[in-house]
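Hi,

Here is the model I promised to pass on. Have a look at it first, and then read on for what turned up.

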Amino acid sequence: MQTREIARLLPEVFRATMGDGSPLDGAVGAMAELLDPVDRRLDHLERYFDPFRTPTPMLPYLAHWVDLGWVPIAEAGGGDGGAAEHLRVLIAKAPDLAKRRGTLDGLTAMIRAVTGVADIGVREVDSVNRPFHLRIELPVAHRDLTQLVDTVVRAERPAHLTYDIVTVG
C-alpha cells in the first residue's frame, strides 16, 4: 500500500494535519514500508496454491491440504523422501489418486507418483496360503527407494492386505 492509499483511510481530521515532514506523515510512511512485503506477496498469492509454482517450503503445507502430509520430501543433501518435484506432481494428481484410493491401480499410481519411477510393478499374489497379498517389484537400479516405497504402501494399502517388496531385474 502506498502512503496516499493509507492516508485516504484515515479520518478527515487526521488527513487535515498530515503534511510533508509531519509526525503523522512519518508514521504513515513507515506503515507503508512495513506493508510493502505483504502487498508483494498478496499480488502473487495464486502461485502459492499451484504446486508447480509454489516455493519448495510451501509444498508440505499443500500436501496436507490434499491428505498427503505423510509423504516425506528428501532434503537437498539426500534423505529417505522423494524429490520435491515428485511431490509437486503428486499434489497435482491428488484428486485423481483420491478417486482410485484403495484399489490396486490407485496404489500403483501412488507409488509411481511419489518415487517418480514408472517401472515399479504391483502384483496380486493369488495363493491359498496368502490371500490378499501383494508383491511390489522394485527395479534393482532403484533399490535405494525401498524405504520410501514401504512408507507409501503402509499409508495407502487397505488394512487387510499384506505385501512384500522385492527387487527385480
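Let me start with a definition: two rings of Phe, Tyr or Trp (for Trp, its six-membered ring) make a pair if their centres lie within 6.5 Å, and planes under 30 degrees apart count as stacked, over 60 as edge-to-face and the rest as tilted. Before going further, note that this is a predicted model, where local features need pLDDT of at least 70 and side-chain atom pairs count only at pLDDT 80 or more, while totals for chains, interfaces and linings use all residues. Residues are numbered from 1 along each chain as its sequence is written, and side-chain values use heavy atoms, with hydrogens and water left out.

**The aromatic cluster**

With that ring rule, Phe49, Tyr61 and Trp65 form one aromatic cluster. The count is 2 aromatic pairs. Phenylalanine 49 and tryptophan 65 are stacked, because their ring centres are 5.5 Å apart and their planes are at 15°. That pair links distant parts of the chain, 16 residues apart: phenylalanine 49 is in the loop between helix H3 (23-43) and helix H4 (59-65), and tryptophan 65 is in helix H4. Tyrosine 61 and tryptophan 65 have ring centres 5.3 Å apart and planes at 55°, so this pair is tilted. Those two are 4 residues apart in helix H4, which means a separation of about one helical turn. (Helices and strands here are DSSP runs numbered from the N terminus: H or I with at least four residues for helices, E with at least two for strands.)

How exposed are these rings? I call a residue buried under 20% relative accessible area, exposed over 50% and partly exposed in between, using a 1.4 Å probe and protein chains only. Phenylalanine 49 is partly exposed at 40% relative accessibility, and tyrosine 61 is partly exposed too, at 45%.

There is also a charge over a ring, meaning that NZ of Lys or CZ of Arg is within 6 Å of the ring centre and within 35 degrees of the ring normal. Arginine 47 lies over the face of tyrosine 48, at 5.1 Å from the ring centre.

**Fold and strands**

The protein has 7 helices and 3 strands, and from the N terminus on the order is α-α-α-α-α-α-β-β-α-β. Strands count as paired if DSSP finds at least two bridges between them. Strand S2 (residues 133-139) and strand S3 (residues 162-168) pair in the parallel sense over 7 bridges, with arginine 135 standing opposite aspartate 164 in S3.

Together with helix H7 (residues 146-156), S2 and S3 make a right-handed β-α-β unit. Right-handed here means that, with the strands pointing away from the viewer, the path from the first strand over the helix to the second runs clockwise. The buried residues of H7 are Leu148, Val149, Asp150, Val152, Val153 and Glu156. What covers them includes H6, S2 and S3, where contact means heavy atoms within 4.5 Å.

Threonine 108 is found in helix H6 (residues 104-115) and counts as buried at 12% relative accessibility. Leaving aside neighbours within four places in sequence, threonine 108 is in contact with Ile120 and Val122.

**Overall shape**

The radius of gyration, taken over C-alpha atoms, can be set against a globule rule of 2.2 Å times the number of residues to the power 0.38. A compact globule of 169 residues would come out near 15 Å, but the protein has 26 Å. Along the principal axes, the C-alpha atoms fill a box of roughly 90 × 30 × 20 Å. Of the 169 residues, 31% count as buried. Among contacts with a separation of 6 or more, 51% are between residues 24 or more positions apart.

For a sense of the distances, take arginine 8, which is found in helix H1 (residues 3-9) and is exposed at 59%. Arginine 8 and glycine 106 are 98 residues apart in sequence and 55 Å apart in space, C-alpha to C-alpha.

Which residues other than glycine have a positive phi? One of them is aspartate 67, with phi near 60°. Aspartate 67 sits in the loop between H4 and helix H5 (84-99) and is partly exposed at 46%. Phenylalanine 132 also has a positive phi, near 60°. Phenylalanine 132 lies in the loop between strand S1 (121-125) and S2, and at 53% relative accessibility counts as exposed.

Cheers
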